[in-house]
Amino acid sequence: MTADRSRQRSTLALTVLALLAEEPMHAYRMHELIRQRGKDTVVNVAQRNSVYQTIARLLRIGWIRVQATQQDPGRPERVVYEITPEGRATATQWLKDMLGKPAREFPEFPAALAYLPLLTPAEARRQLAARAEHLRAVLAQSQAATRGALAQGLPRLFLVEDEYRQAMMKAEIAWVAGLVRALQDGELTWSAQWLRRIAAQFGAT
């Protein structure tokens with residue numbers, strides 16, 4: 001039996017459902033809140049159309065519905081959406097599953113590490129050192145934003161995803177720095193000849 005792809009879980013669909021669980025709103029307001037609250041660091045809304053596409057999908061399924069249409073003077077007509085009981089139940093179940101069951105994900109960085117020998121050890125070291133430097137800058141920026149939000153009285157509950165991202169960045173920075181040192185010291189290295197020998201030794205028979 002083929003799975004119904006329209007009902008597949010996604011972080012953006014969860015975000016739309018969660019926003020509508022707060023109160024009915026139109027698509028522009030959703031996009032605005034995602035950015036204002038910094039949720040664009042955990043869901044991909046680089047393309048504004050992605051929010052509208054997600055809304056259309058949820059509308060077809062019946063997890064959200066049209067509540068009203070707004071017509072403000074001098075502005076285009078805006079459709080206000082609200083969550084349905086099935087949509088609320090779905091969001092709750094998705095959240096439980098996403099919190100309790102690690103998903104099988106395929107980020108770019110582990111894939112790049114899997115093919116590290118395509119570069120020379122020196123090239124790999126330079127790129128990894130650049131990654132660590134970039135991560136340090138992003139981490140510092142994120143930590144400053146978190147401190148500012150806490151200073152303004154925002155409860156920690158609304159910053160836990162930032163705490164997680166910062167913890168993951170700290171761990172990655174430490175690991176990447178160790179890999180850079182291993183490449184710098186020659187503890188981790190390779191050559192074309194060595195790769196051919198390993199391929200012959202461990203290749204399929």
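Trainee: Which residue in strand 3 stands opposite His-26?
Mentor: Strands here are DSSP runs of E with at least two residues, and helices are runs of H or I with at least four, both numbered from the N terminus. This is a predicted model, where local features need pLDDT of at least 70 and side-chain atom pairs count only at pLDDT 80 or more, while totals for chains, interfaces and linings use all residues. Residues are numbered from 1 along each chain as its sequence is written, and side-chain values use heavy atoms, leaving out hydrogens and water. In strand 3, the residue opposite His-26 is Val-80.

Trainee: How many bridges join strand 1 to strand 3?
Mentor: Two strands count as paired if DSSP finds at least two bridges between them. Strand 1 and strand 3 run antiparallel, and the number of bridges joining them is two.

Trainee: How many bridges pair strand 2 with strand 3?
Mentor: Ala-68 stands opposite Val-80 in strand 3, and Gln-70 stands opposite Arg-78 in strand 3. Strand 3 covers residues 78-83.

Trainee: Which strands are the edge strands?
Mentor: The three strands make an open sheet in the order 1-3-2, with antiparallel pairing. An edge strand pairs on one side only, and that applies to strand 1 (25-26) and strand 2 (64-70).

Trainee: How many of the six residues of strand 3 are buried?
Mentor: A residue is buried under 20% relative accessible area, exposed over 50%, and partly exposed in between, with a 1.4 Å probe and protein chains only. Strand 3 is largely enclosed by the rest of the structure, because its buried residues number five.

Trainee: What is the radius of gyration of the protein?
Mentor: The protein has eight helices and three strands, following the pattern α-β-α-α-β-β-α-α-α-α-α along the sequence. The globule rule gives 17 Å for 205 residues, and the protein is well over that, so it is more spread out than a compact globule. That rule is 2.2 Å times the number of residues to the power 0.38, with the radius taken over C-alpha atoms. For this protein the radius of gyration is 23 Å.

Trainee: What percentage of the residues count as buried?
Mentor: Along its principal axes, the C-alpha trace spans about 70 × 55 × 35 Å. Of the 205 residues, the share that counts as buried is 30%.

Trainee: How far apart in space are His-134 and Ala-199?
Mentor: His-134 sits in helix 6 and is exposed because its relative accessible area is 52%. In sequence, His-134 and Ala-199 are 65 residues apart. From C-alpha to C-alpha, their separation in space is 34 Å.

Trainee: How many salt bridges does the rule count?
Mentor: Side chains of opposite charge can pair when their charged atoms come close. The rule asks for a side-chain nitrogen of Lys or Arg within 4 Å of a carboxyl oxygen of Asp or Glu. By this rule the count is eleven.

Trainee: Is Glu-161 buried or exposed?
Mentor: Lys-39 forms a salt bridge with Glu-161, the closest N and O atoms being 2.3 Å apart. This pair links distant parts of the chain, 122 residues apart, with Lys-39 in the loop between helix 2 and helix 3 (49-61) and Glu-161 in helix 7. Lys-39 is partly exposed because its relative accessibility is 23%. With a relative accessible area of 18%, Glu-161 is buried.

Trainee: Is Lys-101 buried or exposed?
Mentor: The side chains of Lys-101 and Asp-97 meet in a salt bridge, 3.6 Å from N to O. Asp-97 counts as buried because its relative accessibility is 17%. With 54% relative accessible area, Lys-101 is exposed.

Trainee: Where does Phe-158 lie?
Mentor: At 47% relative accessibility, Phe-158 counts as partly exposed. Phe-158 lies in the loop between helix 6 (121-151) and helix 7 (160-185).
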